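Please keep the sequence and the model at hand while reading.

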Amino acid sequence: MADTTKRPIKITETILRDAHQSLIATRMTTEQMLPIVDKLDKVGYHSVECWGGATFDASLRFLKEDPWERLRKFRDGFKNTKLQMLFRGQNILGYRPYADDVVEYFVQKSIANGIDIIRIFDCLNDLRNLQTAVKAANKEKGHAQVALSYTLGDAYTLEYWTEIAKRIEDMGANSICIKDMAGLLLPYAATELISALKDATSLPIQLHTHYTSGVASMTYMKAVEAGVDVIDTAMSPFALGTSQPATEVMVETFKGTPYDTGFDSNLLDEIADYFRPIRDEALESGLLNPKNLGVNIKTLLYQVPGGMLSNLTSQLKDMHAEDKYYEVLEEVPKVRKDLGEPPLVTPSSQIVGTQAVMNVIQGERYKMVTKETKAVLSGEYGATVKPFDPEVQKKCIGDKEPITCRPADLLENELDKLESEMSQWKEQDEDVLSYALFPQVAVDFFKYREAQTTKVDPTVADNKNGAYPV
Ligand code: CO
């Protein structure tokens with residue numbers, strides 16, 4: 001007899017973060033988001049992902065917005081819903097590894113400004129790169145979710161995933177996410193993976209995928225049947241393609257089943273009505289490329305994320321070497337093997353991709369080697385699931401002794417130094433963190449912010465020296 005126990009599936013809404021990051025280069029503004037917060041807050045989501053990832057960089061760099069201010073406005077508006085962010089382990093939201101004091105302070109300030117759930121991941125799944133952030137979230141009474149970068153390959157067996165899930169439970173995380181950034185998890189593999197994880201750990205399991213390869217909603221269905229606790233979806237105007245499956249579709253799918261979310265379909269419809277003109281505008285301006293809305297089957301055939309495929313295409317185009325595309329695609333898995341078979345997600349995807357291009361263009365493998373490839377082979381990103389190819393390692397870094405410790409153990413605390421570098425711009429405690437992540441971009445923003453204040457402040461409006469360039 002079928003099991004009819006009610007087990008409503010929980011949903012994390014991604015429209016305020018991943019959905020617009022995936023489809024419109026993270027360009028949705030706070031002004032566009034705020035009017036709909038009240039309705040989103042009434043849906044009953046498990047959480048709304050609204051911060052972290054590229055939103056921080058894009059706010060400062062392109063939108064001239066203070067990301068901390070955005071977060072505080074969300075916190076004011078969302079009275080009932082947990083706010084979630086994406087956090088890149090020791091790299092925080094930036095592109096280099098930070099010392100522990102910066103990681104701890106960033107976590108503390110994220111939670112103080114309104115974040116409830118921090119999803120933390122590492123591109124190598126080296127848990128040592130996550131431990132500082134997890135501990136800091138525990139200390140601040142936030143929810144620490146560890147996300148495993150999902151990938152395929154010889155090393156990535158069910159045993160690998162269940163072993164690492166147990167270690168995540170031991171390290172004090174509150175839940176586990178399978179983060180399938182490339183849309184590689186197929187429906188029946190999801191059944192196996194989720195069942196194995198549910199057997200191996202008592203932590204809640206969340207699944208995050210992208211529609212890139214066209215299988216995502218089927219994968220969710222099988223995952224839900226196998227006992228997954230939470231799925232990530234996006235409201236339909238910014239769903240599908242390189243984004244997530246549509247929220248409304250998943251809600252309708254599970255209606256009347258034991259997994260029924262209980263969400264109000266009319267309310268969801270009103271929310272979709274709000275976002276549709278924003279989508280139309282993005283299509284018209286070219287910000288939303290219809291190409292990103294289709295199925296990219298190459299991502300499954302080559303097990304390479306969609307974003308990485310388009311990067312390779314443009315790198316080769318710049319070098320007038322488009323005819324080498326398939327050669328490079330075949331080189332990618334070889335480089336990945338040489339480098340210890342890492343998942344392909346920022347930044348490992350760029351490192352492997354660029355090295356593969358060089359190997360093909362130079363006509364000799366590892367004749368030219370990027371400094372990032374050398375850093376990986378020196379252990380500076382952490383431990384990989386498989387050993388490096390010893391010959392490749394020797395050719396790239398010579399007799400240099402690779403490090404085997406947690407990379408951040410070699411970094412001195414740096415908060416004081418950062419504080420002193422940027423003190424002239426400081427208007428709030430959080431500014432030092434913006435500066436730590438994106439020094440130049442943050443200073444440009446601070447200058448802009450100062451000019452704005454000067455413009456509207458009547459006490460300095462007559463100041464003849466106050467003509468800051470805006
Ligand atoms: Co994602």
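The lining of the second largest cavity consists of 6 nonpolar and 2 polar residues, with no charged ones. Here Ala, Val, Leu, Ile, Met, Phe, Trp, Tyr, Cys and Pro count as nonpolar, Asp, Glu, Lys and Arg as charged, and the others, Gly among them, as polar. The model is predicted, and local features need pLDDT of at least 70, side-chain atom pairs pLDDT 80 or more, while totals for chains, interfaces and linings use all residues. Residues are numbered from 1 along each chain as its sequence is written, and side-chain values use heavy atoms, with hydrogens and water left out.

The residues around the second largest cavity are Tyr-150, Thr-151, Met-181, Ala-182, Leu-184, Gln-303, Pro-305 and Leu-344. A cavity is a set of points, on a 1 Å grid over the protein atoms alone, where a 1.4 Å probe fits but cannot get out; a pocket is an open set with protein on both sides within 12 Å along at least five of seven lines, and lining residues have an atom within 4 Å of a point. Grid points are joined across faces, edges and corners, and a volume is the space filled by probe spheres set on the points. There are 2 cavities of 30 Å³ or more.

The largest cavity is lined by Leu-124, Leu-339, Pro-342, Ser-348, Ile-351, Val-352, Val-376 and Tyr-381. Of its lining residues, 7 are nonpolar, 1 is polar and none is charged. Helix H15 (residues 348-361) provides the largest share of this lining, 3 residues. Helices (H or I, at least four residues) and strands (E, at least two) are DSSP runs, numbered from the N terminus.

| Space | Volume |
|---|---|
| Largest cavity | about 40 Å³ |
| Second largest cavity | about 30 Å³ |
| Largest pocket | about 1,500 Å³ |
| Second largest pocket | about 330 Å³ |

The largest pocket has 46 lining residues, and Gly-306, Gly-307, Met-308, Ser-310 and Thr-346 lie nearest its centre. Helix H1 (18-24), strand S3 (83-87), helix H13 (306-318) and H15 each supply at least two residues of that lining, and H13 gives the most, with 7 residues. By class, the lining of the largest pocket holds 21 nonpolar, 19 polar and 6 charged residues.

Around the second largest pocket there are 19 lining residues, with Asn-91, Arg-96, Pro-97, Glu-380 and Tyr-381 nearest the centre. They divide into 9 nonpolar, 4 polar and 6 charged. Helix H16 (residues 371-377) gives the most to this lining, with 3 residues.

Which residues coordinate the cobalt ion? Asp-18 (OD), His-208 (NE2) and His-210 (NE2) do, at 2.0 to 2.1 Å. Donors are N, O and S atoms within 2.8 Å of the metal (3.2 Å for Na, K and Ca); water is not among the atoms, so sites may look incomplete. Along the chain the donors have the spacing D-x189-H-x1-H. His-208 and His-210 are both buried, where buried means under 20% relative accessible area, exposed over 50% and partly exposed in between (1.4 Å probe, protein chains only).

Asn-113 is found in the loop between helix H5 (100-112) and strand S4 (117-121). Asn-113 counts as buried because its relative accessibility is 8%. Its side chain forms a polar contact of 2.8 Å with the side chain of Arg-72 and another, of 3.0 Å, with the side chain of Glu-430. A polar contact is a pair of N or O atoms within 3.5 Å; within protein, one must be able to donate a hydrogen and the other to accept it, and residues adjacent in sequence count only if both atoms are side-chain atoms.
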